[in-house]
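Colleague: I should like to go through this model with you. Could we begin with the ligand?

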Amino acid sequence: AAQAAPPGDKDVIANLWSWNWNSVARECSGHLGPAGYGGVQVSPPQDSLTRGGAVWWDVYQPADYTLTSKFGNESQFAAMVRTCHDAGLKVYADAVINHMTGQGSTSYGGRSFGKYNYPGLYSANDFHYYSEDCGNSDNLIHDGDYGGSARNVQNCELVGLSDLETEEEYVRGAIAGYLNRLVALGVDGFRIDAAKHTNPGDLGNIYGRVSGSPYIYQEVIYGGGEAVQPGQYTGIGDVLEFQYGRYLREKFYGNIADLRTFGETWGGMQPGGKSVTFVANHDTERGTTALSYKDGAAYRLANLFQLAWNYGTPQVYDGFTWSDREAGPPHSGGFVTDAVCGSGWECLHRDAAITGMVGFHNAVKGSAVANWSAPNANVIAFSRGAKGWITINNGTGSYAGTFATGLPAGTYTNVTGGGTVTVNASGQAAVSVPAKGSIAIVAGATSSQAPVTFNVNAS
Ligand code: AAO
């Protein structure tokens with residue numbers, strides 16, 4: 001099977017991380033479809049180690065490829081895929097295929113297992129093992145290995161997770177069988193977890209065994225000077241662009257006027273056409289190098305920028321509210337309960353400014369950035385050809401000014417907050433951009449709209 005082209009006209013992906021299947025289905029028909037999102041990324045659907053709801057990360061430790069998981073059972077998963085398709089969305093599953101669980105003995109689906117022993121699926125010969133494969137006597141990847149050799153990064157164990165011997169025929173077939181089962185249920189593509197830790201040749205072989213043309217984007221975190229680089233994976237799929245969110249954090253806590261040249265020419269970044277971008281994901285929101293919902297307005301503005309800028313396939317991320325970085329989502333007996341926006345769950349994807357910019361993103365596709373203006377370090381404005389124009393104010397005071405918008409004369413709706421903007425015969429608009437706010441207009445969106453309020457937690 002060939003690798004599919006990136007998603008088409010509607011390509012914004014809502015990453016509903018840790019949401020149960022019933023809640024994803026509800027969100028697809030109730031919010032994501034109507035707002036113009038093109039896809040939804042869901043958490044790993046396979047059976048896994050259970051830590052009984054105490055932590056979020058047990059789902060990254062597969063126990064079996066059957067589909068009873070922390071997020072629901074197979075029929076709920078299949079119903080979710082159908083509902084999301086009916087709402088016009090593609091469904092991308094987080095595929096954990098580099099490894100099997102490295103701890104524990106029981107799964108959400110009620111299976112028993114031990115390390116290197118997953119009955120009916122894998123046994124000891126299916127794993128990379130010690131010096132013959134990995135090269136380290138403890139079989140583990142150490143921090144220093146990243147800058148060392150690909151052999152250590154790809155054949156040793158990531159945090160002690162049983163590392164599948166993906167050069168082996170049986171293992172390749174078993175992984176492809178799992179991906180094909182998901183494709184048969186309607187899944188449209190995959191986030192390949194920990195792709196950096198599987199040789200790209202092995203992954204290419206496995207992808208070639210998968211039916212249809214799933215969209216594949218791979219988690220290969222860029223690190224300067226590392227032996228394994230994202231560019232080694234762009235021949236077999238797209239990659240998650242980790243530099244994107246790092247730079248946005250740096251600039252939204254510094255000088256957003258620097259973003260004028262943001263993209264492939266910046267250190268470590270891949271071509272936009274090979275990249276899935278995100279301001280935050282479940283790992284980076286728990287780290288220090290990216291913005292997260294805890295950054296309040298700066299986080300929302302960075303997401304608005306992402307949807308306006310002409311680079312990559314954007315993701316809008318939403319997980320659960322947290323203070324303990326290891327704690328799991330709201331659950332009952334370990335199984336995740338329905339997501340309630342504003343009560344334990346973040347729902348930036350519903351924010352009126354964000355959904356307005358999803359529409360903007362879809363409307364301006366194919367138009368280059370033009371009319372760049374940055375009157376100071378906190379205020380930027382640009383158009384996408386003659387299709388849309390945005391200004392973002394990351395400062396603590398409002399900014400009044402006159403900008404060239406690139407749009408025809410008319411009165412337009414501000415799709416990020418309501419109210420109207422008048423563009424004169426020379427394409428200019430005189431506006432006052434609120435502190436930590438934005439104004440965006442789209443050709444064709446000229447009807448007036450009631451003002452809306454933002455609902456992002458600014459704690
Ligand atoms: C859990 C326990 C462990 C236990 C293990 C096994 O926490 O104590 O040993 O079970 O029993 C998640 C959790 C893990 C959890 C695991 C399994 O995060 O804590 O372990 O589930 O339950 C590397 C990988 C990358 C991976 C990331 C976490 O390359 O693929 O580590 N991400 C994915 C998932 C993640 C998940 C797994 C993989 C496993 O998204 O949620 O783990 O399925 C550098 C390297 C990166 C490396 C990081 C962290 O990055 O470049 O490749 O990621 O270090 O080791 C700067 C640097 C950059 C650096 C970055 C982050 O920006 O420039 O180079 O900081 O530190």
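Modeller: In this predicted model, a polar side-chain atom of histidine 197 is placed 2.6 Å from an oxygen atom of the ligand.

Colleague: How much of the ligand's accessible area does the protein cover?

Modeller: On its own the ligand has 1,100 Å² of accessible area, and the protein covers 69% of that.

Colleague: Which residues around the ligand come nearest?

Modeller: There are 23 residues around the ligand, and those that come nearest are Gln103, His197, Glu219, Glu226 and Asp283.

Colleague: Which residues are linked with Glu219 in a network of salt bridges?

Modeller: Glu219 is joined there by Asp94, Arg191 and Asp193.

Colleague: How many salt bridges does a search of the whole structure find?

Modeller: The search finds 16 salt bridges. One of them pairs lysine 115 with glutamate 157, with the closest N and O atoms 2.8 Å apart. Lysine 115 belongs to the loop between β4 (99-100) and α3 (130-133), and glutamate 157 to the loop between α4 (150-155) and β5 (162-163), so this pair ties together parts that are 42 residues apart in sequence.

Colleague: Are those two buried or exposed?

Modeller: Glutamate 157 is buried, because its relative accessible area is 2%. Lysine 115 has 34% and is therefore partly exposed.

Colleague: Which parts of the chain does the pair of arginine 209 and glutamate 169 link?

Modeller: The closest N and O atoms of arginine 209 and glutamate 169 are 2.9 Å apart, in a salt bridge. The pair links distant parts of the chain, 40 residues apart: arginine 209 is in the loop between α6 (200-207) and β7 (215-218), and glutamate 169 is in helix α5 (residues 169-184). Arginine 209 is partly exposed at a relative accessible area of 28%, whereas glutamate 169 is exposed at 52%.

Colleague: And what is the partner of glutamate 27?

Modeller: Glutamate 27 forms a salt bridge with arginine 26, the closest N and O atoms being 3.1 Å apart. Glutamate 27 has 0% relative accessibility, so it counts as buried; arginine 26, at 34%, counts as partly exposed.

Colleague: Now to glutamate 241. Where is its place?

Modeller: Glutamate 241 sits in the loop between β8 (238-240) and α7 (242-252). This residue is buried yet has no salt bridge.

Colleague: One last topic, helix α8. How many of its residues are buried?

Modeller: Helix α8 is mostly covered, with 11 of its 12 residues buried. Among them are Tyr299, Arg300, Asn303, Phe305 and Gln306.

Colleague: What span should its 12 residues have, at 1.5 Å a residue?

Modeller: Helix α8 (residues 297-308) should span 16 Å, and its end C-alpha atoms are 17 Å apart, which agrees.

Methods:
Residues numbered from 1 in each chain as written. Predicted model: local features only at pLDDT ≥ 70, side-chain atom pairs only at ≥ 80, totals over all residues. Heavy atoms only, no water. Salt bridge = Lys/Arg side-chain N within 4 Å of Asp/Glu carboxyl O. Buried < 20%, exposed > 50% of the residue type's maximum accessible area, 1.4 Å probe, protein only. Helix = DSSP H or I, 4+ residues; strand = E, 2+ residues; numbered from the N terminus. Expected span 1.5 Å × (residues − 1). Near = heavy atom within 4 Å. Polar contact = N/O pair within 3.5 Å; in protein donor to acceptor, adjacent residues only side chain to side chain. Areas by Shrake-Rupley, 256 points an atom, 1.4 Å probe, with all protein chains shown as cover. Lys, Arg positive; Asp, Glu negative; His and termini not counted.
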